Amino acid sequence: MSETILVTGGAGYIGSHTTLALLEAGYQVVVLDNLCNSSPESLHRVEKICGKQAEFIQGDIRDRVLLDEVFASRSISAVLHFAGLKAVGESVAKPLDYYENNVAGSVTLCQAMAAAGVYRLVFSSSATVYGEPTQMPIREDFPTGIPTNPYGRSKLMVEELLQDLARSEPRWSIALLRYFNPVGAHSSGLIGEDPNGIPNNLLPYISQVAIGKLKQLSVFGNDYPTVDGTGVRDYIHVEDLADGHLKALQTIAGDSGVKVWNLGTGQGYSVLEMLKAFEAASGQAVPFQIVPRRPGDIAECWADPAKAATELGWKAERGLDQMMSDTWRWQSANPQGYSK
């Protein structure tokens, strides 16, 4: 009898890739998603890739009655929690939406889990919880900082409430996975990142310029103390990220307390390096303009992934060229994302 895993936000970008990895590893998967930032088509594509189907429930993690019904009618052994809003700029404009979805939603989810006797949780956190670190690379034992926006603060609040929860009840076994910058798409080209409106992240923006959906890329600042003056980040292939969730889920089974792991490559790339790598992979020119820095952006940010390597037996396997070619395969085959 294989384990049944509840995946909140499982129709989204990272959630759908992780749902696929779970199915391929032999798990039963129940996806709960309100589809505010995702498409059920992603799960049809997952089934096409692996020949297995996740059960899909359209619903919201803030709906306690629904959650109780989901847990009562299925033998769920653990939860992978991706559901949440994630646009930094939008979080500044609509902070209450972010606190309600990301923080209050997580509280409701944990209440329902505890009521059902399910205490194993893998939480989708973010490197934004480190704020503005004074040195690189970033290790898990660095203090959390003051995140520069409500999105980052909502992730840190959830981390803190999960720490409190684990201190209060030793049955909880929780993994906090602090992602760096997820990019790429499944190598089949069938599932990938499908942002609503103008992308907030660099690579989907570059690929939408390359496909002709957007006119040009805005590069925010070229006067940072970096290799070429543009911001440096740690980009991780979404399939590597999905594998990290499986390793964390397995590692915390039968354990107690909270474990924290960075999921990154340990290698930083600048905006212009990403641009050039994408042009090389796609054969497309990507016009860009330099514009002023964005408030809250830091010059550079990359992970020390050694703890995940030691404790999870996990490391990122896919390099920059594969991130780019997989992104272009997805974008060129799905110019309108999932909405054909």
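Helix axes are taken here as lines fitted to C-alpha atoms, over the stretch in contact. The model is predicted.

Helix α1 covers residues 13-24, and helix α2 covers residues 41-50. The two pack at an angle of about 30°. Their axes lie 10 Å apart. Angles under 35 degrees count as roughly parallel, so α1 is roughly parallel to α2. The crossing of α1 past α2 is right-handed. On the α1 side, the contact is made by Ser16, Thr19, Leu20, Leu23 and Glu24. On the α2 side, Ser42, Leu43, Val46, Ile49 and Cys50 take part. Sorted by class, this contact of α1 with α2 holds six nonpolar residues, three polar residues and one charged residue.

A second pair involves helix α5 (residues 95-116) and helix α6. Helix α6 spans residues 150-168. The packing angle between α5 and α6 is about 20°, and the axes are 9 Å apart. With that angle, α5 is therefore roughly parallel to α6. Here α5 passes α6 in a right-handed crossing. Helix α5 contributes Pro95, Tyr98, Tyr99, Asn102, Val103, Ser106, Val107 and Cys110 to the contact. Helix α6 contributes Pro150, Tyr151, Arg153, Ser154, Met157, Val158, Leu161, Leu162 and Leu165. The contact of α5 with α6 comprises 13 nonpolar, three polar and one charged residues.

Aspartate 164 pairs with arginine 167. The closest N and O atoms of this salt bridge are 2.8 Å apart. Aspartate 164 and arginine 167 both lie in α6. They are three residues apart, about one turn of the helix. Side chains of opposite charge can pair when their charged atoms come close. The count for the model comes to 19 salt bridges.

Turning to the strands, an open sheet of three strands has the order β12-β9-β14. Its pairing is mixed. Strands β12 (269-270) and β14 (300-301) are the edge strands. Each of these pairs on one side only. Strand β9 consists of residues 232-233. Two bridges join β9 to β14, and these two strands run parallel. Valine 232 has glutamate 300 of β14 as its bridge partner. Strands of a sheet pair through backbone hydrogen bonds, either parallel or antiparallel.

How values were computed
Residues numbered from 1 in each chain as written. Predicted model: local features only at pLDDT ≥ 70, side-chain atom pairs only at ≥ 80, totals over all residues. Heavy atoms only, no water. Pairing = 2+ DSSP bridges. Helix = DSSP H or I, 4+ residues; strand = E, 2+ residues; numbered from the N terminus. Axes fitted to C-alpha atoms, helices over the stretch in contact; angles between N-to-C directions. Parallel < 35°, antiparallel > 145°, perpendicular 65-115°, else oblique. Left-handed = near helix turned anticlockwise from the far one by under 90°. Contact = heavy atoms within 4.5 Å. Nonpolar A, V, L, I, M, F, W, Y, C, P; charged D, E, K, R; others polar. Salt bridge = Lys/Arg side-chain N within 4 Å of Asp/Glu carboxyl O.
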